[in-house]
Amino acid sequence: MSRRGSTHGNPRCSHATLACYKALVQKNPRLVQHWETTGQAKIALKATSEDQLLELEAIAKSLNLCARAIEDAGRTQVEPGSRTVLGIGPAPVDLINQVTGDLRLL
């Protein structure tokens, strides 16, 4: 999920995907293998604020989902240290929807 509509959002989303992948390849390789063989789904949704990203991260973690917030380096139009993207998953759709079901597509 992203909270910015900047032109640099795609690399941040890639960082979030990679952070979740690296965490889960160690923790749950069977889930990663399933994700890899079923199309590696990725969906971008829009959050309204950094606070909402942090809240969503906490909810995801309370459901034992992999969740990684990405802090911006500040090399573009975003303040350094701002959390601009949150990666969640891979995980079953019903669990992800418990966290993100009210968000709109980016």
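Predicted model: local features only at pLDDT ≥ 70, side-chain atom pairs only at ≥ 80, totals over all residues.
Which elements each supply at least two residues of the lining of the largest pocket? They are α1, α2, β3 (83–88) and α4 (93–100).

**Largest pocket**
- The space in the largest pocket amounts to about 770 Å³.
- Its lining comprises 28 residues, of which Ala-41, Lys-42, Ile-43, Ile-88 and Ile-96 are the closest to the centre of the pocket.
- Helix α1 gives the largest share of this lining, with five residues.
- Sorted by class, the lining of the largest pocket holds 20 nonpolar, seven polar and one charged residues.

**Second largest pocket**
- The second largest pocket has about 220 Å³ of volume.
- Leu-24, Lys-27, Asn-64, Leu-65 and Cys-66 are the closest to its centre among the 14 residues that line it.
- Two or more residues of this lining come from each of α1 and β2 (67–71), and α1 provides the largest share, three residues.
- Nine nonpolar, two polar and three charged residues make up the lining of the second largest pocket.

**Aromatic pair**
- The model contains one aromatic pair, formed by Tyr-21 and Trp-35.
- The arrangement of the two rings is tilted, with 6.1 Å from centre to centre and 50° between the planes.
- Tyr-21 belongs to helix α1 (residues 9–27) and Trp-35 to helix α2 (residues 29–37), so the pair links parts of the chain 14 residues apart.
- Tyr-21 is partly exposed, at a relative accessible area of 27%, whereas Trp-35 counts as buried because its relative accessible area of 14% is under 20%.

How values were computed. Residues numbered from 1 in each chain as written. Heavy atoms only, no water. Phe/Tyr/Trp six-rings, centres within 6.5 Å; stacked < 30°, edge-to-face > 60°. Helix = DSSP H or I, 4+ residues; strand = E, 2+ residues; numbered from the N terminus. Buried < 20%, exposed > 50% of the residue type's maximum accessible area, 1.4 Å probe, protein only. 1 Å grid on protein atoms, 1.4 Å probe; cavity = no way out; pocket = protein on both sides within 12 Å on 5 of 7 lines; lining within 4 Å. Points joined across faces, edges and corners; volume = space filled by probe spheres on them. Nonpolar A, V, L, I, M, F, W, Y, C, P; charged D, E, K, R; others polar.
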